[in-house]
Amino acid sequence: YVCSTWGNNHFKTFDGDVYQFPGVCEYNFVSDCREAYKEFSVHIQRALNSNGHPEIQYILIKIKDIMVYLKPNLVVVDGRIVKTPYYTSGVLIESNEIYTKIYAKLGMTLMWNQQDALMVELDNKFNNHTCGLCGDYNGIQIYNEFINGDTSYNAITYGNMQKISKPSAKCEDPDETQALPSCNEHRDECRKLLTSPAFADCRLRLNLEMYIQACMQDKCACNGKEDSFCLCSTISEYSRQCSHAGGRPGEWRTQNFC
């Protein structure tokens, strides 16, 4: 019941598809898409930071009639900056130095590390009712995100379809013809990192191959630079998802690693 995005533009839908989408416009991350009345929506905007790595600049959340705007170390509710913990009609917002969390009584939990990683958990009453980068939450991979009727989409086309149109926005759609490089030379290294003894309790809880693939793409993107963003963001996500699935990752960070 979890959708997430992290690191080098990785996305994992509610139904378990993992893809990369490098867009820097504002996108619908996940919304309630039943026609009459949307109970909630979550929009995100990424940009490259000073190191050239993608980070989430802001998140715009609408829950019933409440608007919440999040930036690192900043929470704005209905146009007013608020101190956390903050509670208003069925919405609790908490934050510390690392995470901002929102709990909404309608059945949504949102967790952002104030940098690259966002996770949204939804009650299964929203099955088949969502749209956005997180997909339709119908329990079936690929359908209807990447295959819809007779049409099939690649990840970039799918991502571009989730753009929020804003007349004043200056942002280019990523090129739909760009194929991802195959990064197989990094497979062994990524496998070793993700199967270290610290993650013994995670092996049976998560789809390991999915994170190995993401790690391989990260290594490719960094062209051999030993950059902690490329190395650590997917391992951090693996660790978060493992905890979320009830696992207990051991201490995998060290003085000189991540």
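Predicted model: local features only at pLDDT ≥ 70, side-chain atom pairs only at ≥ 80, totals over all residues.
Visitor: What are the dimensions of the box that the C-alpha atoms fill?
Guide: Roughly 50 × 45 × 35 Å, with the box taken along the principal axes.

Visitor: How does the radius of gyration fit a compact globule?
Guide: It agrees with one. A compact globule of 258 residues would have a radius of gyration near 18 Å, and the protein chain has 18 Å.

Visitor: Which domains is the chain divided into?
Guide: Domain 1 covers residues 2-161, and domain 2 covers residues 184-245. Where they make contact, 19 residues come from domain 1 and 15 residues from domain 2.

Visitor: How many Å separate their centres?
Guide: The centres of domain 1 and domain 2, taken over C-alpha atoms, are 22 Å apart.

Visitor: Let's pick a residue. Where is I56 found?
Guide: I56 is in strand β6, which runs over residues 54-63.

Visitor: Buried or exposed?
Guide: Buried, because its relative accessible area is 2%, and the cut-off for buried is under 20%.

Visitor: Which residues is I56 in contact with?
Guide: Setting aside neighbours within four places in sequence, I56 is in contact with T5, I44, Q45, R46, W112, Q115, D116, A117 and L118.

Visitor: And what is the C-alpha separation between I56 and G7?
Guide: It is 9.7 Å, although I56 and G7 are 49 residues apart along the chain.

Visitor: Which strand holds S41?
Guide: S41 is in strand β5, residues 40-48. S41 counts as buried because its relative accessibility is 13%.

Visitor: What does S41 touch?
Guide: Not counting residues up to four places away in sequence, S41 touches V30, S31, L60, I61 and K62.

Visitor: Back to the whole chain. What share of contacts joins residues at least 24 apart?
Guide: The share is 51%, counted among contacts between residues at least 6 apart in sequence.

Visitor: Last topic, charges. How many are positive and how many negative?
Guide: There are 25 positive and 31 negative charges in the protein chain.

Definitions and conventions: Residues numbered from 1 in each chain as written. Heavy atoms only, no water. Rg over C-alpha atoms; globule rule 2.2 N^0.38 Å. Contact = heavy atoms within 4.5 Å. Lys, Arg positive; Asp, Glu negative; His and termini not counted. Charge placed at Lys NZ, Arg CZ, Asp CG, Glu CD. Domains from an automatic or database assignment. Helix = DSSP H or I, 4+ residues; strand = E, 2+ residues; numbered from the N terminus. Buried < 20%, exposed > 50% of the residue type's maximum accessible area, 1.4 Å probe, protein only.
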